[in-house]
Amino acid sequence: MPSLRDDIESRLHSLKSLHTQPAVIAKITQMLQNPATNAEELGMAIRADQVLASRVLKLVNSAFYGFPGRIGSISHAVILLGFSTVKNIVLTASVLELFAVRGGGKFNAHEVWKHSLACGVAAQCLARAVKYEGQEECFVAGLLHDIGKVIMFQIVPNEFNNVIECADKTKTLFYDSECKLLGISHQQIGGMLIEQWRLPTKILDAVANHHTPHGGSLLTAVVHCADIFARALGYGNGGDNKMPKVSDSAWESLGLDGVNLEKLLGSIGKEWEKAEVYLR
Ligand SMILES: [Fe+2]
Ligand SMILES: [Fe+2]
C-alpha cells in the first residue's frame with residue numbers, strides 16, 4: 001500500500017503550479033546562471049513576458065530599492081542597481097505567482113506571505129550584518145523558505161489542516177507536527193519544487209534544510225536564523241506559534257556572537273517598512 005508520503009509525492013508531480021513555470025522564466029533562470037549574460041540580453045528575454053516585465057519594473061521602482069519611479073527599463077535598472085540585484089528582482093517577480101493562492105480552512109495565505117516576505121527581508125539584513133558574500137540570493141531564499149506549505153495546502157488541504165491543528169493543540173512547531181503526522185515536511189516539498197524550477201542549488205539547499213541547518217551552507221544558516229528573527233518580530237505567521245530553537249552551529253557559522261542584535265532587528269524593521277510594495 002502506498003504511504004501518505006508517496007501519495008503526496010505523486011500529487012506533487014501532477015500539480016499544475018509545478019509546470020506553470022513558463023518557458024520564458026526557464027530561459028531567464030538559465031540566463032541568470034550564465035556569467036556571460038549581459039543586461040541587454042536579459043532585458044530582451046524579460047520583455048518577452050509582459051506581465052513579468054511590468055512586475056520587475058514595478059519592483060525596481062519601489063522604495064525598497066531606493067530609486068522610486070526613476071527606472072524606465074531593465075537595462076537602466078542593471079546600470080543603477082547592478083546585475084545581481086536585478087537578477088534577484090527577476091527571480092522574485094517570477095516566484096510571486098506561487099504565493100497567489102486563496103487561503104482556506106486553517107491556511108491563512110496572507111499571513112504566510114507576510115511571514116515569507118519578512119524572512120526574505122531578515123535574511124538580507126542578516127547577510128549584510130555578517131558580511132556574507134552571497135547577499136543577493138538571501139532575499140529570494142528567505143522568500144521561498146516556506147513555499148512547501150503553500151504547495152502542501154494545495155495538494156493535501158485536509159492533512160494540512162490537521163498539521164496546523166496538531167501544532168496548535170500540542171504547542172509544537174508546524175515542522176514537528178508534519179513530520180509526525182505526514183512523514184514528509186514542507187522543507188522537502190519546497191525543495192522538490194525548487195528542483196523542478198531549476199533555481200540555483202544554493203537556494204534549493206537553503207529551502208530544503210532551513211529547519212535542519214546543521215552542517216549546511218552559510219545561506220542555509222542565514223535563512224534558518226532569518227526565519228526565527230521574522231517570528232520574533234511578529235511579522236506574519238507561518239502556521240504555528242512556537243519559537244524554534246536557534247541551531248548552535250548555524251549561529252556559530254555566521255559569527256552572530258559578534259553582531260549587535262538590537263541594531264540588526266532595528267534594521268530589519270526599517271527594511272520591512274520599505275518592503276510594503278510586496279504586500280500590495
Ligand atoms: Fe519552515
Ligand atoms: Fe518560516
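**Entry 1: H8 and H17.** I'm working from a predicted model. I started with helix H8 (residues 109-129) and helix H17 (residues 261-274), whose axes come within 9 Å and cross at roughly 135°. That angle makes H8 oblique to H17. I also checked the hand of this crossing, and for H8 and H17 it is right-handed. Then I listed who touches whom. H8 brings Ala 118, Val 121, Ala 122, Gln 124, Cys 125, Leu 126 and Ala 129 to the contact, while H17 brings Leu 264, Ser 267, Ile 268, Glu 271 and Trp 272. Sorted by class, the contact of H8 with H17 has nine nonpolar, two polar and one charged residues.

**Entry 2: H7 and H9.** Next I looked up another pair. At what angle do helix H7 (residues 83-95) and helix H9 (residues 136-144) pack? I found about 15°, with the axes 8 Å apart. H7 and H9 are therefore roughly parallel to each other, as the cut-off for that word is under 35 degrees. The crossing of H7 past H9 is right-handed. On the H7 side I noted Ser 84, Thr 85, Lys 87, Asn 88, Leu 91, Thr 92 and Val 95, which meet Glu 136, Glu 137, Phe 139, Val 140, Leu 143 and Leu 144 of H9. The class count for H7 with H9 is six nonpolar, four polar and three charged residues.

**Entry 3: H11 and H12.** I moved on to helix H11 (157-170) and helix H12 (174-182). Their axes come within 8 Å, and they cross at roughly 125°. So H11 is oblique to H12. H11 passes H12 in a right-handed crossing. From H11, I wrote down Glu 159, Asn 162, Val 163, Cys 166 and Ala 167; they meet Phe 174, Ser 177, Glu 178, Leu 181 and Leu 182 in H12. By class, I get six nonpolar, two polar and two charged residues for the contact of H11 with H12.

**Entry 4: the buried side of H12.** I stayed with H12 to see what is tucked away. Which residues of H12 are buried? They are Phe 174, Tyr 175, Ser 177, Glu 178 and Leu 182. Seen down the axis of H12, these buried residues fall within an arc of 165°, so they line one face of the helix. I then asked what covers the buried residues of H12, and the cover includes helix H1 (4-14), H11 and helix H13 (186-196). After H12 comes Gly 183, which has a positive phi near 75°.

Entry 5: A reminder to myself: an α-helix has 3.6 residues a turn, so residues three or four places apart point the same way.

**Entry 6: Ala 53.** This residue is in helix H5 (residues 50-60).

**Entry 7: two lysines with positive phi.** Most residues other than glycine have a negative phi. Lys 131 has a positive one of about 55° though it is not a glycine. I placed Lys 131 in the loop between H8 and H9. Lys 131 counts as exposed because it has 9 C-beta neighbours inside 10 Å, and the limit is 12 or fewer. Lys 171 is not a glycine either, and its phi is positive at about 50°. Where is Lys 171? I found it in the loop between H11 and H12. Lys 171 is exposed, with 9 other C-beta atoms within 10 Å.

Key:
Residues are numbered from 1 along each chain as its sequence is written. Chains are lettered from A and ligands numbered from 1 in the order in which they are written. This is a predicted model: local features need pLDDT of at least 70, side-chain atom pairs count only at pLDDT 80 or more; totals for chains, interfaces and linings use all residues. Axes are lines fitted to C-alpha atoms, for helices over the stretch in contact, and angles run from 0 to 180 degrees between N-to-C directions. Helices (H or I, at least four residues) and strands (E, at least two) are DSSP runs, numbered from the N terminus. Angles under 35 degrees count as roughly parallel, over 145 as roughly antiparallel, 65 to 115 as roughly perpendicular and the rest as oblique. A crossing is left-handed if the near helix is turned anticlockwise from the far one by less than a right angle, and right-handed if clockwise. Two residues are in contact if their C-beta atoms, placed from the backbone, lie within 7 Å. Ala, Val, Leu, Ile, Met, Phe, Trp, Tyr, Cys and Pro count as nonpolar, Asp, Glu, Lys and Arg as charged, and the others, Gly among them, as polar. A residue is buried if 20 or more other C-beta atoms lie within 10 Å of its own, exposed if 12 or fewer, and partly exposed in between; C-beta atoms are placed from the backbone. The arc is that of the directions from the helix axis to the C-beta atoms.
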